[in-house]
Amino acid sequence: MATRDSGGGQQHTNRRADEADEVTTEESEASDLKERHEKLSEDVDSLLDEIDDVLEENAEEFVKGYVQKGGE
Amino acid sequence: MGIETEYGVSVPGQPNTNQMLASSLVVNSYANRTSSSGSRARWDFEEESPLRDARGFELPREPAVDPTAPANEDDLGLANVILTNGARLYVDHAHPEFSSPEVTNPRDVVLWDKAGERVMAEAARRALTVPGAKPVNLYKNNTDNKGVSYGCHENYLMARSTPFGEIVRNLTPFFVSRQVVCGAGRVGLGVDSREAGFQISQRADFFEVEVGLETTLKRPIINTRDEPHADPEKYRRLHVIIGDANMSEVATYLKVGTTSLVLAMIEDGWFSVDLSVDGPVAALRAISHDPSLKHLVTLRDGRKMTGVQLQMEYFEQARKYVENRFGADVDPQTADVLSRWESVLGRLEVDPMSCARELDWVAKLSILEGYRSRDSLNWDSPRLELVDLQYHDVRPEKGLYNRLVERGRFDLVVSEDEVIRAMTEPPEDTRAFFRGRCLARYPQQVAAASWDSVIFDIGRDSLQRVPTLEPLRGTKAHVGELLDRCATAADLVDALAGR
């Protein structure tokens with residue numbers, strides 16, 4: 001289950017910002033980025049597998065059939 | 001403040017569905033089952049004047065300008081109800097719409113906006129139980145990618161004394177650039193997606209002018225509808241039509257939190273710098289069309305900067321403003337908005353993908369890029385368009401945003417328990433409390449209600465109208481004890497009249 005809270009998310013973002021501040025050289029910044037991107041792409045792979053399971057069938061027909069009238 | 005969202009409605013496999021009827025079915029299914037007593041208070045239109053212009057004149061009512069003319073809605077018998085949480089649930093054109101109750105802070109906007117999503121999901125579930133009904137899908141997005149857009153409007157109460165020109169001057173560059181934080185992401189470029197590609201905002205391509213009254217044609221960056229639903233001598237309501245409907249709680253929180261700060265600065269005459277942008281309509285689109293966030297817009301003073309840098313300028317103004325006006329006494333939520341705003345902007349500069357737990361467009365883009373690289377898809381792939389659409393599906397088991405939350409991949413602002421409570425309970429610190437509690441406590445006697453009135457039918461010769469023109473009266477502190485004490489609506493009306 002998701003971590004719902006009002007304070008925790010904030011600590012999380014602060015922590016990240018602090019980490020970013022500590023990184024001073026461009027080199028380590030780049031490797032930090034690369035590492036994060038690799039981790040992100042692993043995450044995304046497992047996520048895509050789950051999305052495959054819930055995605056509506058026949059994408060082309062489905063999006064073609066999604067026609068709205070104006071609003072507002 | 002408050003937020004109103006029109007949901008996309010579709011009956012899969014039935015492209016010729018009458019969307020007004022489908023929307024009515026959804027709204028009525030929710031309304032009929034919610035009040036066990038069968039009470040259905042109608043919406044009271046008496047005080048509404050959507051054609052009043054903030055610049056000080058009123059347009060003649062013509063269908064071409066305003067097809068929302070209340071009389072038409074009534075004639076059609078479209079569903080239109082008030083909920084016990086103080087919200088309005090109705091059919092606007094061909095979309096079910098949830099207008100949140102009035103609240104006083106960004107976190108509460110998130111809470112009742114999320115409650116609106118849950119109400120819509122529940123409404124669609126209930127509609128399914130109608131014999132013969134086909135499943136109706138609801139999407140909290142803003143376009144069908146075929147040329148049509150529908151809105152998510154924010155409303156902010158402002159002091160009447162604020163010159164409208166100041167609002168336009170200082171708010172336009174902010175609205176041009178805030179999409180880097182609160183864009184919901186979109187597959188397709190151009191109103192009908194004639195070009196393949198990804199852009200930051202759902203709405204950017206649908207805006208054509210800088211200032212105006214319309215919301216459906218020639219959409220303006222600054223909308224001038226001036227219908228305060230409150231004392232017009234004291235207040236104006238700034239009706240903001242340029243936002244995307246957000247799934248992300250952090251995005252909604254920052255959208256209304258940062259906008260409130262900018263409006264506070266405008267009201268207070270704080271701005272000494274002019275951040276006006278050359279060609280704001282074109283700049284809005286150009287920023288949206290560049291998810292690398294490198295596009296430079298030109299300011300009137302000749303400076304060039306990215307959308308993120310423009311937001312940084314606003315952030316710096318806001319930080320100084322709050323420091324100057326409140327110092328150490330700043331309320332925790334304002335401090336939190338500032339700190340999250342700074343953090344997100346800082347990371348967007350360095351590595352936008354690091355905001356995938358907070359921002360809709362980034363999360364959506366990371367899924368789309370995943371599909372593109374895994375399945376070698378081009379941007380014109382219908383599968384990518386489907387991912388874009390289904391991200392906004394309100395069903396917990398189908399909506400991709402909801403799946404991300406389930407897997408702990410999104411930072412949240414409010415708890416699910418609070419959201420469930422907000423489906424039926426009103427905020428306690430605005431007049432929505434009075435409206436919602438009257439509905440809950442005297443369902444049979446409330447004949448009608450609106451933002452600024454509750455009308456009782458207590459069996460006397462005439463209906464009894466209780467005006468609620470002051471948004472900050474009718475709170476729990478103000479009328480909670482009175483409502484507890486009055487067993488019937490007649491007792492309440494007598495007590496209010498001093499009888």
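**Entry 1: the nonpolar cores**

I began with the largest nonpolar core, which has 131 residues, and found that B:Leu171, B:Leu238, B:Trp341, B:Leu348, B:Trp361 and B:Tyr371 touch the most other members. For my own reference, a nonpolar core is a set of buried Ala, Val, Leu, Ile, Met, Phe, Trp, Tyr and Cys residues joined through side-chain atoms within 4.5 Å, and buried means under 20% relative accessible area, exposed over 50%, and partly exposed in between, with a 1.4 Å probe and protein chains only. Helix H3 (residues 106-127) of chain B gives the most to this core, with eleven residues. Apart from this core I noted another, of 23 residues, among them B:Ile82, B:Val466, B:Val479 and B:Leu492. In soluble globular proteins, nonpolar side chains tend to be buried together.

I then looked up B:Leu171, which touches B:Ile222, B:Leu238, B:Val262, B:Leu263 and B:Ile266 when residues up to four places away in sequence are not counted; contact here means heavy atoms within 4.5 Å.

**Entry 2: how to read the model**

I reminded myself that this is a predicted model, in which local features need pLDDT of at least 70 and side-chain atom pairs count only at pLDDT 80 or more, while totals for chains, interfaces and linings use all residues. Residues are numbered from 1 along each chain as its sequence is written, chains are lettered from A and ligands numbered from 1 in the order in which they are written, and side-chain values use heavy atoms, with hydrogens and water left out.

**Entry 3: chain B as a whole**

I recorded 16 helices and 18 strands for chain B, where helices (H or I, at least four residues) and strands (E, at least two) are DSSP runs numbered from the N terminus. Buried residues make up 62% of the 499 residues. Among contacts between residues at least 6 apart in sequence, 69% join residues at least 24 apart.

**Entry 4: B:Lys364**

Is B:Lys364 buried or exposed? I found B:Lys364 in helix H10 (residues 360-375) of chain B, and B:Lys364 counts as buried because its relative accessibility is 0%. Its side chain makes a polar contact of 2.8 Å with the side chain of B:His392, and a polar atom of that lysine side chain lies 3.0 Å from the backbone oxygen of B:Ala184. A polar contact is a pair of N or O atoms within 3.5 Å; within protein, one must be able to donate a hydrogen and the other to accept it, and residues adjacent in sequence count only if both atoms are side-chain atoms. Beyond four places in sequence, the contacts of B:Lys364 include B:Arg186, B:Phe198 and B:Asp388.

**Entry 5: a hairpin**

I followed B:Phe198 into strand E10, where B:Phe198 is the bridge partner of B:Val187. Strands E9 (residues 186-189) and E10 (residues 195-199) of chain B pair in the antiparallel sense over three bridges, and two strands pair if DSSP finds at least two bridges between them. Five residues lie between the strands of this hairpin, in which B:Gly190 takes a positive phi near 90 degrees.

**Entry 6: B:Arg437**

Lastly I looked at B:Arg437 in helix H14 (residues 432-441) of chain B, which is partly exposed at 26% relative accessible area. B:Arg437 and B:Leu83 are 354 residues apart in sequence, with their C-alpha atoms 9.6 Å apart in space.
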